[in-house]
Amino acid sequence: MGDELIPVFMKIGLTEQKAKETLKNKNLSKSLSEVVECAGKETAGDLAHSGNLLYHVASKLKPQKFHYMPLLVKYVMANKLDSELRLNAAMDYLTNQPPNKTAADVDVSDFESSCGVGVVITPAQVEEAVEHEITKVKDEIVEKRYRFNAGVLMGNVRNKLRWADGKAIKAEVDMQMLNLLGPKTDEDLAPIKKVKAPGGKGAKR
């Protein structure tokens with residue numbers, strides 16, 4: 001395998017530089033060339049829109065489970081696995097299958113359920129879930145303002161809406177925090193003052 005694979009890799013949206021870097025890894029190059037070939041059989045259209053997910057399959061699917069690659073590529077190209085979140089869940093499911101199982105043995109319904117195929121999370125659902133979480137800790141948010149750890153809110157929403165887009169959750173949290181607190185003030189932006197421990201270096205133990 002050599003430079004002839006550079007245009008193959010560029011089909012999925014890799015830059016020439018990234019394609020050249022990928023070539024340096026023989027195992028990844030072999031896997032990715034097989035993934036691209038398989039994806040080309042699924043569609044005659046552009047592969048670049050699914051490029052990141054196809055690369056993810058090639059780089060993350062374990063060698064001993066690579067016989068599941070065509071199944072994953074099929075679902076990616078059909079937009080049934082349309083995010084890394086769903087793709088990772090699909091790979092976890094297949095990785096946990098017994099060693100002697102093949103793609104033909106996969107329980108399709110169970111597999112699709114495990115990775116959220118067909119589950120649609122609406123903006124309204126995200127808005128409602130975020131609003132619910134903010135309401136529960138509203139007083140604390142008002143007290144701490146933008147020093148409140150919004151990551152906790154996002155984590156709780158993610159637990160409720162497993163297949164929601166992370167960027168959509170963050171955007172909704174940011175917007176509702178802004179609606180509640182208003183724009184950040186100079187005090188919000190000021191660095192946190194460190195409180196020195198009592199006694200300092202000379203304190204006796």
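The largest pocket is lined by Asn25, Asn27, Leu28, Lys30, Ser31, Glu34, Ala58, Ser59, Leu61, Pro63 and Phe66. The model is predicted: local features need pLDDT of at least 70, side-chain atom pairs count only at pLDDT 80 or more, and totals for chains, interfaces and linings use all residues. Residues are numbered from 1 along each chain as its sequence is written, and side-chain values use heavy atoms, with hydrogens and water left out.

**The pocket.** Its space comes to about 230 Å³. A pocket is an open set of points on a 1 Å grid over the protein atoms alone, where a 1.4 Å probe fits, with protein on both sides within 12 Å along at least five of seven lines; lining residues have an atom within 4 Å of a point. The volume is the space filled by probe spheres set on the points, and grid points are joined across faces, edges and corners. Helix H3 (26-42) and helix H4 (51-60) each supply at least two lining residues. H3 gives the most, with five. Helices are DSSP runs (H or I, at least four residues), numbered from the N terminus. By class, the lining has five nonpolar, four polar and two charged residues. Here Ala, Val, Leu, Ile, Met, Phe, Trp, Tyr, Cys and Pro count as nonpolar, Asp, Glu, Lys and Arg as charged, and the others, Gly among them, as polar.

**Helix packing.** Two packed helices are described by the angle between their axes and the distance between the axes. Axes are lines fitted to C-alpha atoms over the stretch in contact, and angles run from 0 to 180 degrees between N-to-C directions.

| Helix pair | Angle | Axis distance |
|---|---|---|
| H4 and H6 (residues 84-95) | about 30° | 11 Å |
| H3 and H5 (residues 69-77) | roughly 50° | within 9 Å |
| H8 (residues 123-136) and H11 (residues 166-181) | roughly 50° | within 10 Å |

H4 packs against H6 at an angle of about 30°. H4 is therefore roughly parallel to H6. Angles under 35 degrees count as roughly parallel, over 145 as roughly antiparallel, 65 to 115 as roughly perpendicular and the rest as oblique. H4 passes H6 in a right-handed crossing, meaning that the near helix is turned clockwise from the far one by less than a right angle. Leu53, His56, Val57 and Lys60 in H4 meet Glu84, Leu87, Asn88 and Met91 in H6; contact means heavy atoms within 4.5 Å. This contact divides into four nonpolar, two polar and two charged residues.

H3 and H5 cross at roughly 50°, which makes H3 oblique to H5. Their crossing is right-handed. From H3, Glu34, Val35, Cys38, Ala39 and Glu42 meet Met69, Pro70, Val73, Lys74 and Met77 of H5. Seven of the contact residues are nonpolar, none polar and three charged.

H8 and H11 also cross at roughly 50°, so H8 is oblique to H11. The H8 and H11 crossing is right-handed.
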